[in-house]
Structure formats: C-alpha cells, structure tokens
Amino acid sequence: MLPKKEEEEEEEDNNNFITDIKEEVGIPELSPGPRSAIFLNPITVSVLLSTICVSGNVVTRPVSGMVVVIMTLRVGELKKLVEEGKIKYIGLSEASASTIRRAHAIHPITAVQLEWSLWTRDVEEEIIPTCRELGIGIVAYSPLGRGFLSSGPKLVESLPDNDFRKHLPRFQGENLEHNKTVFERISELAARKGCTPAQLALAWVHHQGDDVCPIPGTTKIENFNQNIGALSVKLTPEEMAELESLASADAVKGDRYGGISNTWRDADTPPLSSWKAE
C-alpha cells in the first residue's frame, strides 16, 4: 500500500490524465431536449486511443487498458445524459461480451448492434448469450451478408471500383468460389419455399427471436418491398436446422474484413483494476 502522499499524487495524476482524454476523445455535450438513443462504438474509442497513446513505436500507456477507462467514462457520461433527460437509451456497437458486461454494470444497455446473418455467425458463441442473459436487445446489421445473400457471386461483378466490398477476403478468389456453393444451396431452399434467397436469409434472422431486429439496407424500392415480404416467410425448426447446416460458422470462407476494419474481437476490455497510470 502506498504512503498517503504518494497515493494522493497518483490519484491526481490519474484524474488529470482522464480529464485530458475526455477532452481529446470528446465526451458528448448535448443541449436540453430528448433524443432516442446514443450508440457507443468501442472500436472507435480504441482507434482514437491508439492515436493518442502511440508516438512512433513507443506506447506511452497501455492502450488496451485505456479502452476500458474510456468506455467506463463514456458510459458514465451517457448515464448522466439519461438522468438529465437528454437521451433515453444507450447502445453499443461491435462490442465484445466483456465490454457489454462492463458497460451494462454502469447503466443498463438497451441494445447491441452487431453483424449477424447466415454469412456471419461468430457472435452466437458468446455475445448473443450475453445479451440475452442481460436482457439486451440485438440489432443485426448486414443481415444479407453485405448483399451476397441477395445476389451471390455476381454481386462482385456489379460493384464499382470504390466499393470496399471488393477488397473483403470473402469476395475474392478461392474464398468467393467456395462461398458460391453456400449461396447456391440457400437458393435451392428458397426456391422450395417460394421466396427469394434474400427473403429466406432475412427470415432466418427474424426467427432468431423477438429480441432481434435486423436492419437491411437498400437504395431500391423493389428490394425494400422484398425485405418487407420476408416477414411472411415462415420457417419450421427443421428448415432452420437445414439452413444452419448449410451456412455453419465454418462454412463461409474468408475473414469479415481482413484487416481493413476492426471488429468486436479487437475491442475486448481488461478489468479496470488492471490499468494503472504511469
């Protein structure tokens, strides 16, 4: 245990450091008035902290430890905004299970946004059970696998050169050729059901539970109407099992981003007690 004077100096150093980070990262300052929700992305916090804390090749403070400090600060500040009536809900995006637990311990998290589809199922092992244990809603983005579950491999041919999907590992070379067979098998089941592959893929997400809200994106009214039609596609337990066997977690080849962007795997937070200012 530190002598009282050293303990006070260390506490002051930590407080000054936290104040500096709050100013650098930007804790939201909102004017009075209700807002529905604020989603906090720990990936963004992590990237900001990497910029703040890394100078050349010298890491001046442990970035991973600081992520949890900033997450704690940010959720704590958002909690104040809820108490002031400026926002109603707090959500997280691309958060790991441990990050969700730590944030939820500070203030109830209403929803977690994550990529979930027949194309991406790695969240089923730990994150989905964590959300359900804590009573947190699930917002599933990219439920059509970045469009692949709508059009299959021909999607790549229609993408403009500046579309980032062209650079994703799943849309390239041998991975794309392998994933083509996954799409074909899903299409066969969709034909038997009398719906499109996209509607079948969306229906699978809808059938995950009332706590799941998929958010497919489109710029075409025709596709929008097809997405609405997915609500009418009913799947039996046997059909759900068949779909999941066709698109198991290891059936799709290639990483989600391949280093182009970060995911919840890059946003895990260590215990706050493990962080110590230098």
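Predicted model: local features only at pLDDT ≥ 70, side-chain atom pairs only at ≥ 80, totals over all residues.
Visitor: Why is alanine 97 called buried?

Guide: Its relative accessible area is 6%, and buried means under 20%, so alanine 97 qualifies. The residue belongs to helix 4, which covers residues 97-106.

Visitor: What is alanine 97 in contact with, leaving aside its neighbours within four places in sequence?

Guide: Glu126, Ile127 and Thr130 are its contacts, where contact means heavy atoms within 4.5 Å. As for proline 129, it lies 32 residues from alanine 97 in sequence, with 8.9 Å between the C-alpha atoms.

Visitor: Why are helix 4 and helix 5 called roughly parallel?

Guide: Their axes cross at roughly 20 degrees and come within 9 Å. Angles under 35 degrees count as roughly parallel, and therefore helix 4 and helix 5 are given that description. Their crossing is right-handed. On the helix 4 side the contact is made by Ala97, Ile100, Arg101 and His104, and on the helix 5 side by Ile127, Thr130, Cys131, Glu133 and Leu134.

Visitor: How do the residues of that contact divide into nonpolar, polar and charged?

Guide: Five are nonpolar, two are polar and two are charged.

Visitor: Cys131 is named in that contact. Is cysteine 131 buried or exposed?

Guide: Cysteine 131 has a relative accessible area of 0%, so it is buried.

Visitor: Why does cysteine 213 count as partly exposed?

Guide: Its relative accessibility is 42%. Buried would need a value under 20% and exposed one over 50%, so cysteine 213 falls in between.

Visitor: How many disulfides are there?

Guide: The count is zero, the rule being a pair of cysteine sulfur atoms within 2.5 Å.

Visitor: What makes helix 9 mostly covered?

Guide: Nine of its ten residues are buried. These are Pro197, Ala198, Gln199, Leu200, Ala201, Leu202, Ala203, Trp204 and Val205. The elements they pack against include strand 6, helix 8 and helix 11.

Visitor: What is the phi of glutamate 94, and where is that residue found?

Guide: Phi of glutamate 94 is near 50 degrees, a positive value in a residue other than glycine. Glutamate 94 sits in the loop between strand 4 and helix 4. At a relative accessible area of 5%, glutamate 94 is also buried.

Visitor: Why does arginine 146 count as buried?

Guide: Its relative accessibility is 17%, and the limit is under 20%, so arginine 146 counts as buried. Arginine 146 lies in the loop between strand 6 and helix 6, and its phi is positive, near 60 degrees.

Conventions:
Residues numbered from 1 in each chain as written. Heavy atoms only, no water. Helix = DSSP H or I, 4+ residues; strand = E, 2+ residues; numbered from the N terminus. Buried < 20%, exposed > 50% of the residue type's maximum accessible area, 1.4 Å probe, protein only. Axes fitted to C-alpha atoms, helices over the stretch in contact; angles between N-to-C directions. Parallel < 35°, antiparallel > 145°, perpendicular 65-115°, else oblique. Left-handed = near helix turned anticlockwise from the far one by under 90°. Nonpolar A, V, L, I, M, F, W, Y, C, P; charged D, E, K, R; others polar.
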